[in-house]
Amino acid sequence: MNKQKIYTTFSFFKGAAALSALCVLALLLMESLGYPGFLLPGLALISLGFVVLGFRIVQLIYKLQLDRVHDTNQVESMQWIYQQFQPKVAFPPMRVIAGSPDFFKVIVEHCIQLQPKVIVEAGSGVSSVVISEWLRSVNSEARHYALDHLEKYARETARKVENLNSEVLFAPLKSYSLNGSDWKWYDISGLANVEDIDLLIIDGPPEDIQKEARFPALPLLLEKLSDKAVIILDDTNRPDEQATIQKWKAAYNLKEQYLFTEKGTTILYR
Ligand SMILES: C[S@@+](CC[C@H](N)C(=O)[O-])C[C@H]1O[C@@H](n2cnc3c(N)ncnc32)[C@H](O)[C@@H]1O
């Protein structure tokens, strides 16, 4: 929600106040001309309208304040990332459908702490470029694979990923039968020889693919995780991802840590 929307709502509020004043005058006039019975229901209706509008304005102000906090966090996160390493390529546009800087900060923090030997990403994009550039900056020999179900975005990301240890794999969605239900998820045949994943980052596929679109990630990749593996799931402010976390925790006995990022990020580990 942007500031423009707030100003528009305030203008609407002023318009509503003027219209309501006219309505009250009309109701009073009707009352004085001998048409009783309209004044009280009319006033009640107008009051209700103002309560609803006031509630909406409070909601918008709260959203605007939260946006300011997140905006500041994105700037601080990028500053922190640039202090850790100097990227050689320009990062693609961030936020909206792409990941946000505070999510990339969480990824880089875990790369530094864990020193992963194998990194797999579900959903390529800016995060893939960030990881690839971090690996290059520390001369890491770790292997990094990023899956993307759309050839266009797989190619776009691959163009930005210059580190030979990073690979963007075009992995179209495939049908899987898991727990007796049909699911669509990335074709993981490109990971056939990949074992001992230390860091699994799940930021795809997009939610419109199916309900709880990211659920198949663990049933399909759990066997490939190393003992110290950490899973980073983004977009966990959404009910679908929250439901997915509960299912994974129940099935695989995982611990979780929620991080306050723009889209909500959850860390899962054994
Ligand atoms: C949430 S995005 C993945 C974001 C990625 N981890 C990043 O940090 O940018 C999930 C998928 O959306 C698709 N995608 C990326 N950019 C897009 C765009 N501008 N419009 C539509 N889909 C996009 C790609 O297929 C991507 O794998």
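Which backbone atom of Val126 lies 2.9 Å from an oxygen atom of the ligand? A backbone N or O atom of Val126 does.

## Before we start

You're looking at a predicted model, where local features need pLDDT of at least 70, side-chain atom pairs count only at pLDDT 80 or more, and totals for chains, interfaces and linings use all residues. Residues are numbered from 1 along each chain as its sequence is written, and side-chain values use heavy atoms, with hydrogens and water left out.

## Around the ligand

Let's stay with the ligand. There are 15 residues around it, and Val126, Ser127, Asp148, Tyr153 and Asp203 come nearest (a residue is near if one of its heavy atoms lies within 4 Å of the molecule). By class, this shell has 7 nonpolar, 6 polar and 2 charged residues. Here Ala, Val, Leu, Ile, Met, Phe, Trp, Tyr, Cys and Pro count as nonpolar, Asp, Glu, Lys and Arg as charged, and the others, Gly among them, as polar.

A backbone N or O atom of Gly99 lies 3.3 Å from an oxygen atom of the ligand, while a polar backbone atom of Gly123 is 3.1 Å from a nitrogen atom of the ligand. On its own the ligand exposes 580 Å², and the protein buries 81% of that (areas come from the Shrake-Rupley method with a 1.4 Å probe).

Now for some strands (DSSP runs of E, at least two residues, numbered from the N terminus). Strand E4 (residues 173-178) and strand E5 (residues 181-186) run antiparallel, joined by 6 bridges; strands pair if DSSP finds at least two bridges between them. Tyr176 stands opposite Trp183 in E5. This hairpin has 2 residues between the strands, and Asn179 takes a positive phi near 50°.

Glu256 has Leu268 in E9 as its bridge partner. Between E8 and E9 there are 5 residues, and Gly264 in the turn has a positive phi of about 80°.

## Two spots in the loops

Asp196 sits in the loop between E5 and E6. Its phi is near 55°, a positive value in a residue other than glycine.

Next comes Pro205, found in the loop between strand E6 (197-202) and helix H6 (217-221); helices are DSSP runs of H or I with at least four residues. The peptide bond from Gly204 to Pro205 is cis, with omega near 0°.

Notes. A polar contact is a pair of N or O atoms within 3.5 Å; within protein, one must be able to donate a hydrogen and the other to accept it, and residues adjacent in sequence count only if both atoms are side-chain atoms.
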